[in-house]
Amino acid sequence: MLSLFQLNHGDDDTMPGQTFSRRNLALTVLTVFSTVFFRPASTSAALQAGAAKVDITDRDAGPVNDPLYVKALVLREGDVTVAIVTVDAVAIAEIGSIKNDYLANVRAALKRDIGFDPQRILINASHCHGKVCADVEARTVEAVKLAAKQLVPVRVGAGQGHEDRVMENRRLKLKSGREADVRHAYSLPPDDDVVGTGPIDPAIGLLRLDRLDGRTLAVVHQFACHPIQGVPNGGNTADMSGFASQVLEDSFGDGAIALFLQGCGGDVNPLRYKQVDEPRDAEPLGNQLGLSAMRAAKKIVCRDDAPLKWINETLAVPRADNAERIAAVEAEQTRLVQSLKGTSLNLKTFLPLVVKQGLSNPFPSYYSHRYLHDLQIKRNDLERLDAENRANVEAYMRNIYTMEELTRLQTNLALLKKHQARNVAAGSRTMDVEVVGVRVGEFSLVTFPGELTVQIGLNIKQAAGKPQTFVSGYTNGYIYYAPTAEQLRNVGGAQEDSDCLLAPEWQAVFETKALDVLRRLK
């Protein structure tokens, strides 16, 4: 048998009984050898991906409980390259420490440095209330560059997890037909006034990308909930979404990076957000979310055939004109102030009376035998005192509830006035926003820059009719809350409908556009 060395270095004469030369035979054998030993396990995966993360924790802002990150997933198919970037921050403009020019500057830097198309960059804020470093912009650019340098062929799979134990809708439906919301900024209405709450979305959107050797490169997980629970030590934290990402990264190992996309969490709080009996702690909630995401992600089968599609369009949405509503809220404010009445009690006398009446409603002022003794001698002094005290307590309670309602009204009135002034100053009845649609394999996503409330996402997913379809707010800008048209009938009653620049008609405009984008991604 001829050796490879002999085939490569022998003469080029055709051997007896053969129809090809030694050199041709050598080339044939080397081609087979290269195919078997030097090629990857499969070359049919057209999609390439790279992932990276960079710490963006502000370590000068006080104690740090856990780090905050900017994470980048760069995808390439043919001549199309896109980036999905997630930031552990409250927003990428307007509120928090990230400046309004952040998105534009990041895009410009990436175009200048590596020729990245600015319209093919998606940046989503988790909406955690952690504090990021001053140079977060430069570190975002660094993360995308690192990811772009590490592109490898990948197989892709999409799936969906389920978690309904870690969050609750924060909109409270009241007997009056109005709605209130659960915030630390003000107290809640009386329990007797609450008749219902809004929906949640338990779906965890999942995109898994595996290297060709089977090791997981990245997992994108999407969920709808404000990650604002905090941690017992009060330290800087990426909150429940950060803890969930850590569970995924630890589970998959091999340097896998988990990127969290905030969904339609505008009116969804962590469970027991206002508890006062024990410290609020995001870690158990995040661990639960992460475990549910991990269990579903582990079942995903990754495949070679994973088309990459990207749509970036500008949408004009209508601005609100809340002048009449502001006047009505101010009138209600005046009415509530004028309804406050003087009472005989102050806080010092009110509290012990409430306790005694609660402990023993029939006999609050003394032991029962005194009441029975008075009954025998036909006296009712204690009963008359109790009746007077009850009336005073009820009057004092009415004042308390009125003052609590005033705090809610005044907080939301200030938001209404702020956004009304901004809309008037804009000189236009509409504003332009960026809507991005992306499809990676069977995973489809459409985005919006506002804090979408959960019903918006539920509507779009149901109408789209495709299982692995997801909707994310907080992306490529920030325009405050984006509630439903129905919720905007409650303007002034809750944060979502008051901390808002949008007119009710915006919902139909966006949902129509979102469904059009998703249709074109198919």
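Modeller: Asparagine 476 lies in the loop between strand E18 (469–472) and strand E19 (481–482). The structure is a predicted model.

Colleague: Why is asparagine 476 called buried?

Modeller: Its relative accessible area is 5%. A residue counts as buried under 20%, and asparagine 476 is therefore placed in that class.

Colleague: Which place does aspartate 239 have, and is it buried or exposed?

Modeller: Aspartate 239 belongs to helix H5 (residues 239–252). Its relative accessible area is 3%; the limit for a buried residue is 20%, so aspartate 239 is buried. Its phi, near 65 degrees, is also positive in a residue other than glycine.

Colleague: What makes the aromatic pair of phenylalanine 350 and tyrosine 396 a stacked one?

Modeller: A search of the whole structure finds eight aromatic pairs. In the pair of phenylalanine 350 and tyrosine 396, the centres are 4.4 Å apart and the planes make 25 degrees.

Colleague: Which residues have the most contacts inside the largest nonpolar core?

Modeller: That core has 39 residues, and those with the most contacts inside it are Val317, Phe448, Leu452, Leu502, Trp506 and Phe510. Among the elements that give two or more residues to it are strand E14 (308–318), helix H10 (381–426) and helix H13 (506–521). H13 provides the largest share, six residues. Another core, of 31 residues, lies apart from it and includes Val74, Ile92, Ala109 and Ala238.

Colleague: What is phenylalanine 448 in contact with, leaving aside its neighbours within four places in sequence?

Modeller: Its contacts include Val317, Val433, Tyr474, Ile479, Trp506 and Phe510. Ring pairs also link Phe448, Trp506 and Phe510 into a cluster.

Colleague: Why are strand E5 and strand E10 said to pair?

Modeller: Strand E5 (residues 152–162) and strand E10 (residues 203–211) share nine bridges in the antiparallel sense. Two bridges are enough for pairing, so E5 and E10 qualify. For glycine 159, the bridge partner in E10 is leucine 206.

Colleague: What makes strand E4 and strand E12 edge strands?

Modeller: The open sheet of eight strands runs in the order E4-E3-E2-E1-E5-E10-E11-E12, with mixed pairing. Strand E4 (121–125) and strand E12 (257–262) each pair on one side only. Neighbouring strands of this sheet are turned by 25 degrees against each other on average, direction ignored.

Colleague: Which strands does helix H3 lie across?

Modeller: Helix H3 (residues 102–114) lies across strand E3 (80–87) and E4, at about 145 degrees to E4. Helix H4 (residues 136–149) lies across strand E1 (48–55), strand E2 (69–77), E3 and E4, at about 150 degrees to E1.

Terms used:
Residues are numbered from 1 along each chain as its sequence is written. This is a predicted model: local features need pLDDT of at least 70, side-chain atom pairs count only at pLDDT 80 or more; totals for chains, interfaces and linings use all residues. Side-chain values use heavy atoms; hydrogens and water are left out. A nonpolar core is a set of buried Ala, Val, Leu, Ile, Met, Phe, Trp, Tyr and Cys residues joined through side-chain atoms within 4.5 Å. Buried means under 20% relative accessible area, exposed over 50%, partly exposed in between (1.4 Å probe, protein chains only). Helices (H or I, at least four residues) and strands (E, at least two) are DSSP runs, numbered from the N terminus. Contact means heavy atoms within 4.5 Å. Axes are lines fitted to C-alpha atoms, for helices over the stretch in contact, and angles run from 0 to 180 degrees between N-to-C directions. Rings of Phe, Tyr and Trp (its six-membered ring) pair if their centres lie within 6.5 Å; planes under 30 degrees apart count as stacked, over 60 as edge-to-face and the rest as tilted.
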